[in-house]
Amino acid sequence: MNIVFLTLSAIMVLGAVLAVTLRNLVHCLLALVVFFLGIAGHFFLLKADFLGAAQILIYIGAVAVLILFAIMLTRNISGTEGGRSSLGGAWWLGVGLASSLAGMMCVFVRRSELVTKLPYGATEEGVVKEIGKLLVTDWVVPLEIMAVLLTAALIGAVVIALEEEKKR
Amino acid sequence: MIPPLEQVREMLSAGAAKSSLLVEREEAVAVAQFLKTDPQLQLDFCSCVTAVDYIKQDCIEVVYHLYSVALKHGPVALKVRAPRALEQCRMPSLTPVWRGCEYQEREAFDLYGVKFDGHPDLRRILMWDEFVDHPMRKDYVPPMDYEWEPTPHAETLARAKQTGGTVPASALEAKK
Amino acid sequence: MDAIYQLIHDYCPTMPDWLALALAILLPIAIVMGVFLTVFALLTWVERKALGRIQNRRGPNRVGPVGLFQPIADGLKLLTKEDIVPNAADKVVHFLAPVLVVVPAFMVLAVVPVAKGFIAVDLNIGVLFALAVSTASVLALFMAGWASHNKFSLLGAMRGVAQVVSYEVPMVLAAVVVLMASGSLSSVSIVEAQRGLTGWFVCKPWGLVGFVIFQLCAMAEVARTPFDLPEAESEIVAGYHTEYSGFKFALFQMGEYVAAITMGGITVTMFLGGYLGPGCDLPKFGWLISACWFFAKLGIIVVINIWARGTWPRVRVDQLLGFAWKLLLPLSLVNIVAMAVWHFAPNKLVGWVESAVLLAVAIVALVKINAGQTFEKRSYRFTS
Amino acid sequence: MSATGIIQTQTLEVSLGPQHPSTHGVFRMDVVLDGEYVVKLKPVMGYLHRNHEQLAEKMTWLGSMPYTDRLDYFCSMTNNWAYALAVEKMTGLKVPERAEYIRVIMAELTRLLNHSCAIGFLLSDCGAWFTPVLYALREREWILDFFETVSGARMMCNYMRFGGVRVDLDDASLAMARNIVARWPAFLDEFEKLMTENEVLLARTQRVGILSRNLAINASVSGPVARASGVEYDIRKVDKYGVYDRFDFGVPVGEAGDTFDRYMIRILEMREAVKILEQALRDIPAGPFIAPEAKLRNFKVPAGDGYGRIEAPKGELGFYLVSEGGAKPYRYHVRPPSFINLTILEDMCLGQKVADTVIILGSVDIVLGEVDR
């Protein structure tokens, strides 16, 4: 299993690096999809089939397509029309921000109760049920806040698009 | 040249509206407008537009066949003449009066070289854009090489030059 | 997988462990692929024959008996054709797209229980896996359209993406009722939950509505007529695979047909009782009889697809999306409520009546609300 | 301006044609799209241009008769008739009664042939995977067989002559024609049952590509397209050429002027054509089939000009001829209905979707042999 883990991780890192370095936006997106797939693979490897499938459904089926639509609205898809490389002078700032974010997430995830509450080693079916129950009992407020936030973002996107129309 | 418009109406009505009118270029639009709107004529349907090259009379005649959908009579042939020489071969377009003239006047321009002033979109319609002559004129001489076609592709032009330079200078100019 | 591993171990103890493991993994895959590729080849033949019958012509009848070898001939022809890649195309993506079209279509096959006790991988979350993986075909479709550097391809790809994303939503919601009824995500337990004389989910009001929604969405998802907009040949030439030729084109066709079969298989599993049927539990030939049942039901779904293709014109893109969002989505939401009503009803009869009435009201109301798009009866006058 | 009114996006210039499955030949439309909406559309033609008119000016009067077959290669009979009619007008040739009846029979059969295929191809453009077309082609085959028996050619019939027709119809071929006419209503009923009430078809065609009555008249649109927009104009009724005044038939006229009306008008016109055919096949008199004074060799037309037109299946087909009294026409001009009906293509398509463009073009019913000449 170690080999599979390492291969997957290598592919993921490669995908992530390509996603930020490639010039063509569509290529970047495809590299990002490889990265998403790698995450799904990791979930499957951890026997968290539900999370793996959810990862594919949400990140590849929805998020990637969303990014795709955003890309199609931009002009310079091929990245050939001048402009600076995405690896600009402030790359170290990005690296710093990203690593500090990752560190923070590590710390908070380790402290979180959610990890300990899930019955580890239970059947997958049990996990799905447990997640469902938790989502509508203990975590119902965060869930609703998220839902409202996403709806607000959606409306905001429409408003921004409308403003653009007015300006023209 | 033509009598006052009221007389035109009587003339046309008497002849069961099957007659032809030869009008001056300057008067064409006014006459057309009259023929279209006059309550007794109402020639609202411009069926056929074409040009004829009368090389002996040194003129190109554009013929409009008018019918009336409202009164169901016709045809009246409205004829307008212009000199054959390419620079002077122009006349007012009747497309603003009858929209149906649009493509047919383009065709007349394409094949006979009649320039219609006031036409919204006077381009070649049947021949390709790079074509230089007007092939329906009676004095038109077709090129030696029928198959050769001046296309905007640089490669084709280069190949044509290589194989003996049969490219007419006019075509190369049109390309520029 | 474990069973096969055990089997190999018992019969050939001398075989090295890694080989046995590899065999245990590859054997079910090979069997499933073999079976479904045969079905795919047959399907192309059946489709052409059936379309021919609908259209007053004979269909393929030259190669082999009644044209049965036509798919092979087609395959050979496509294999030997020149592979044309447009000069301006994005070569890598252009190459990857047809591969990626086929992969998800085959991956879904893994969780379709073809016969009793015969499933390549009995995932606990089988249905979710199938729905998730089939979504991934969107990307392949987009890649094909974008990489071809052709405007028709791009239009087709954008249509395809919009269509698949829109129909994914009612499709998943229609599947939810089945999950609620069976209490499981595993495709085998969904099938087993449909035992009994009227056990098939399609025999219940919410199941019937769910089945219709799911079937329509499946047709849209794999771009079958009347939802074949991404490759609408009369409008945008061939949509996203305009610039593909030879075997890459064949891969697109294969991906499309295999996706049609697998979506049909998922529909059968979820609503039509999968491999269940009289005789499927017989000790000896139960697996064979159950396989026959499964393929018979699959055949019905496939014939419905072909029939629709032979008789229906294509819808327009706004009508297609409007249909998904304005009709199917609310209806599938009501369907979930109807399922809940059924579930909490004091007895079967009350549940039946309540959910049926609820759904009928919903359907009538939705049709009324969307009445702005309905049609007028015209009369014509005759002048003489 | 974006047609959706929400987001302004980049427009896409697409060239539909000249090689495109549904441009009905080598026809091109330069379309500018905003998303799926058409914001500009310019037809480009001439890919099939062979200067038919100039060729005819270099030939004898009768010499270009077979060449008129190639104009609208679906309807060679009506093309022949229009040319013959124009020449007969200039020469004053009287056509015998039997020949007039034969011409009517041929023209109305051509109308059946053309309209059935036109609506078949229109439905194919809607994406009906060829089923309706093949139903139409099955019936068309009967008419083509009939044309072959009579004239020796299925499509390029070259059947009419100045002052009559080339060969007479014998009783066997008349029976054949009666047979075709008798089975046509059944075909129409079957076709309508299959298609007319189909919701997808209604949704695709109703209120799509509307052409107003005034624009139709002003833009010289003729034939079924004009009548679908409410223009009560049928040359068979207005000019009463041939013996059309002897038959009892109606001219269907639409109201909305959309694609569905153009589809329905064609079906109704076929039903009327069946009526005409029944009467013509019943009343056809005996007698000569070509005027005795008509000359095939050394045929000359007195000097002058003339315009003859008929109601071809696609609209008004006219021939404008100028003669100098010689054996060749001095000027020979065709007024092709499909060419002129294309004038308003852009007006009908603006603000519609790409998918609609295709069916609007299909509902106009063009044949490129005639558009480009």
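Author: Let us begin with a single residue: in this predicted model, C:Leu76 sits in helix 3 of chain C.

Reader: Is C:Leu76 buried or exposed?

Author: Exposed means a relative accessible area over 50%. C:Leu76 has a relative accessibility of 52%, so this leucine counts as exposed.

Reader: Which element gives the largest share of the nonpolar patch?

Author: The patch covers about 730 Å² of surface, and C:Leu76 is one of its residues, which also include C:Leu42, C:Val66 and C:Phe247. Its largest share, 3 residues, is contributed by residues 70-80 of chain C, that is, by helix 3.

Reader: How many disulfides does a search of the whole structure find over all chains?

Author: A disulfide requires two cysteine sulfur atoms within 2.5 Å. Over all chains, the search of the whole structure returns a count of 0.

Reader: Which cysteine sulfur is nearest to that of B:Cys46, and how far away is it?

Author: B:Cys46 takes part in no disulfide, and with 0% relative accessibility this cysteine counts as buried. Its nearest cysteine sulfur belongs to B:Cys101, at 3.5 Å.

Reader: What is the nearest cysteine sulfur to D:Cys117?

Author: D:Cys117 is likewise buried, its relative accessible area being 3%. D:Cys117 is in no disulfide, and at a distance of 9.2 Å the nearest cysteine sulfur is that of D:Cys75.

Reader: Which chains share the most contacts?

Author: Chain A and chain B are joined by no contact, their closest C-alpha atoms lying 25 Å apart, and chain B does not touch chain C, where the nearest C-alpha atoms are 13 Å apart. Of the 4 pairs of chains that are in contact, the one sharing the most contacts is chains C and D.

Terms used:
Residues are numbered from 1 along each chain as its sequence is written. Chains are lettered from A and ligands numbered from 1 in the order in which they are written. This is a predicted model: local features need pLDDT of at least 70, side-chain atom pairs count only at pLDDT 80 or more; totals for chains, interfaces and linings use all residues. Side-chain values use heavy atoms; hydrogens and water are left out. Contact means heavy atoms within 4.5 Å. Buried means under 20% relative accessible area, exposed over 50%, partly exposed in between (1.4 Å probe, protein chains only). Patches are made of residues with over 30% relative accessible area and no salt bridge: like charges are joined within 9 Å, nonpolar side chains (Val, Leu, Ile, Met, Phe, Trp, Tyr) within 5 Å. Accessible areas come from the Shrake-Rupley method with a 1.4 Å probe; for residues, only the protein chains shown count as cover. A salt bridge is a side-chain nitrogen of Lys or Arg within 4 Å of a carboxyl oxygen of Asp or Glu. Helices (H or I, at least four residues) and strands (E, at least two) are DSSP runs, numbered from the N terminus.
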